[in-house]
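Opening the notebook on this one. I want to go through the sheet, the domains, the core and the chain contact, in that order.

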Amino acid sequence: MDLILVNLIDGLVTGLLLFMLSAGLTLIFSMMGVLNFAHASFYMLGAYFAYQISIALGFWMGLLIAPLIVGVLGAGVERYGLRRVHQYGHVPELIFTFGLALLIEELVQFIWGKNQMPYSVPDVLNFTAFAISGNSIPAYKIFMIFISIGIFLGLLYVLTKTRVGMIIQAALSYPRTVEALGHNVPLIFMGVFGVGTALAGVAGVIAGPVLGTFPGMAFVLGSIVFVTIVIGGLGSLWGALVASLLIGCLTTFAKSYNIEMENVLNAIGILTPDDLDDSIFRDFWSLTSPQIADILPYILMVLILIFRPAGLFGKRLS
Amino acid sequence: MKNITKLGAVSALSLVIGASAAFAENIKIAFIDPLSGPFASTGTNGLHQFEFAAQYMINDNGGVLDGDMFEVIGFDNKTSPKESLIQLQVAIDQGVRFIVQGNSSGVANALTEAIDKHNRRNPDSRVLFLNYAAVDPALTNDKCNFWHFRFDANADIKMDALTDVIAKDQDIKKVYLIGQDYSFGKAVAAAAESMLGEKRPDIEIVGNELHPIGKVKDFTPYARKVISTEADAVITGNWGADMLGLGKSIIENGFTGPIYTYYAAGSGITAAFGESGKGRIRLITQGGINPIASEEARTLYNAFKEKYPEGNIDQSRIFNTIGMLAQAINEAGTADDVVAVANKLEGMKYPSMWGGELYMRPQDHQLIQDMNIAVHTDENVEFDYDNSGFGVVTESTIVNASMDSPTTCEMKRP
């Protein structure tokens, strides 16, 4: 029972981290129709920048400055890269962001090398917040939860309650009309791209110390972010939140409990074959949930695409 | 006229020098290991150590035979067996005769099979496989072949030494086994289970599980399971980013016992563990770093530090591999006939600068060497890793570990 609570907290942490990445990605997609393959690379840049800044100025300045730099870089990429490629259609855009992802990974290796960086949790937060039957919850995780929730509320407020948010929402569906009304739509695009990448940067800054700061970090997280926004519905902020939390909890619980395929199949009425060693499905029967935990989100994505192609909260089919 | 004669003599002389330089060909050694992806740092650091070993130990001392130089060429296999076979073919096409590989036994299994096949079909371009770190016991047992030599101790030898230490610690009653889901991770778990059962039947194995290799983002759920079983010690064979992720996670989430492991040093791992792993992480290694085994090793380490200020010598066996290969080539008098070289490697005794005498067991091509149990600490560290002030300090040594261990290898010689 205690373990359920602990796992819920862990799932929440994983989910919220995923949310910060997918929020930016889904915003960018819904507005510009661009699937940004380099999104996770901005997450990695966030971690590396923050590490570099934290050496000189400490963790907190890193948290403040690194996302800003990443955001400015992102805006620059939109202004001088994507906007030029945009006129040639979506495929060149995809290829552009894909190339950018490779470029950033190589650059990071070139500058910082291939080793893991000793980027660690600040001393102020390096203690155990509380423990549930021997399982300690580090204070840093609580900090991660608060930062992510704060960002979600801030985003929600800006998008739904402010003038800027309304223009963004309008530009989402009717860019031409918004432009005709005298708003600078390309500027809005640039701003959204910048903010989206800055969010990825924040995720990198706070995830770097716990998940490790190394050149493979973008690769490890890259595909799962796409899965998240497909499940949540492309372009939906709420969808991104729900899908992130769902994936976070799903994988955490699957890893924490050894549910065996044999038990699941028996429970739904399929009997274990008499001679399992000879059965061609032996590997299938002997699966345990931790083994398949990391592919569960992908299975979920396939199911969603079959039964609800627009995603959980998606509005459009295209 | 006099000038012309002089010119002729000089040009003739330069021709002769040029020709003899052309005769002294490089002996190419292909390094097939991950140079990109999650395990890039492990691979790159290995490559640096190989390049340095070839340069410092061999080339700077005039090379082997009549001044032939060692040349180490890196091939990126992305830790994939499929990619490795492609790189192997590329290497063979470039005239490479010696393949070194170590990261991932999955790759080593694929390579040893492919090399065996290649050597049978192409007697003119045979290659030797010098395995410096892939420790799946099968490679020197059921799957052994004449072309494969292992310079690392295999997983069973290492576990034998580790469990000796664990068996002596009466405080350990419950042990949790966790590893990467592939041949090596499974071999570690199987060895730990059987050896602990033999040496300390009272120890309960409270967990035995495998996780996907190189794909886990967050080890927290695994850490929770370890802690909820109230294990006194954890045994893992994890390496690279998986080792760091697992180790950090179980320490952060409240585990207080020791972690017994194979590869938890260097490549940024030592620095990242830092204070949190002090006295907790125990590794089975070979080669004395702290205290350093010999004056020769100290000079070499300092020279290495000069060339790679950010680097570590965390795989001293790489230097043994290069040293033994050079000796075998010199004794065989050729670097092209790999059968002759292999025959010299078989049964070779080699005094290592890192301590002890090495012995290449002829029946299975498994190197027998002294094994050390070392602890991660910042006390009495002469050579730290990752410039972190922390390093590994030898706690105990097992001389000629598993010298008489059985093997199922039936070596077929050409």
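This is a predicted model: local features need pLDDT of at least 70, side-chain atom pairs count only at pLDDT 80 or more; totals for chains, interfaces and linings use all residues.

**Sheet in chain B**

I started with the strands of chain B, where seven of them make an open sheet with mixed pairing, ordered β7-β6-β8-β9-β10-β14-β15. From one strand to the next, the twist averages 20 degrees.

I then picked out one pair. Strand β10 (residues 281-285) of chain B runs antiparallel to strand β14 (residues 371-377) of chain B, with four bridges between them. Opposite I284(B) I found I373(B), in β14(B).

What packs on the sheet? I looked at helix α7 (residues 220-228) of chain B, which touches β6 (174-180), β7 and β8 (233-236) of chain B. Its direction makes about 170 degrees with that of β7(B).

Domain 1 of chain B puts 22 residues into the contact and domain 2 of chain B puts in 24 residues.

On the domain 1 side of that contact, the elements giving two or more residues are α2 (40-58) and α4 (105-121) of chain B. I sorted the residues of this side by class and got eight nonpolar, ten polar and four charged.

**Core**

Which residues have the most contacts inside the largest nonpolar core? They are I99(B) and L128(B), in a core of 214 residues. Domain 1 and domain 2 of chain B each give at least three residues to this core.

I followed up L128(B). Setting aside neighbours within four places in sequence, L128(B) contacts R97(B), F98(B), I99(B), W147(B), F149(B), V338(B), V341(B) and A342(B).

**Chain B against chain A**

Last stop was the contact between the chains, which takes 33 residues from chain B and 29 residues from chain A. On the chain B side, α2, β7, α7, α8 (241-252) and α9 (269-273) each supply at least two residues. Which element gives the most there? That is α7(B), with seven residues. I had already logged α7 of chain B as the helix packing on the sheet.

By class, the side of chain B that touches chain A comes out as eleven nonpolar, 13 polar and nine charged residues.

Methods
Residues are numbered from 1 along each chain as its sequence is written. Chains are lettered from A and ligands numbered from 1 in the order in which they are written. Two strands pair if DSSP finds at least two bridges between them. Axes are lines fitted to C-alpha atoms, for helices over the stretch in contact, and angles run from 0 to 180 degrees between N-to-C directions. Two residues are in contact if their C-beta atoms, placed from the backbone, lie within 7 Å. Ala, Val, Leu, Ile, Met, Phe, Trp, Tyr, Cys and Pro count as nonpolar, Asp, Glu, Lys and Arg as charged, and the others, Gly among them, as polar. A nonpolar core is a set of buried Ala, Val, Leu, Ile, Met, Phe, Trp, Tyr and Cys residues joined through C-beta atoms within 7 Å. A residue is buried if 20 or more other C-beta atoms lie within 10 Å of its own, exposed if 12 or fewer, and partly exposed in between; C-beta atoms are placed from the backbone. Domain bounds come from an automatic or database domain assignment.
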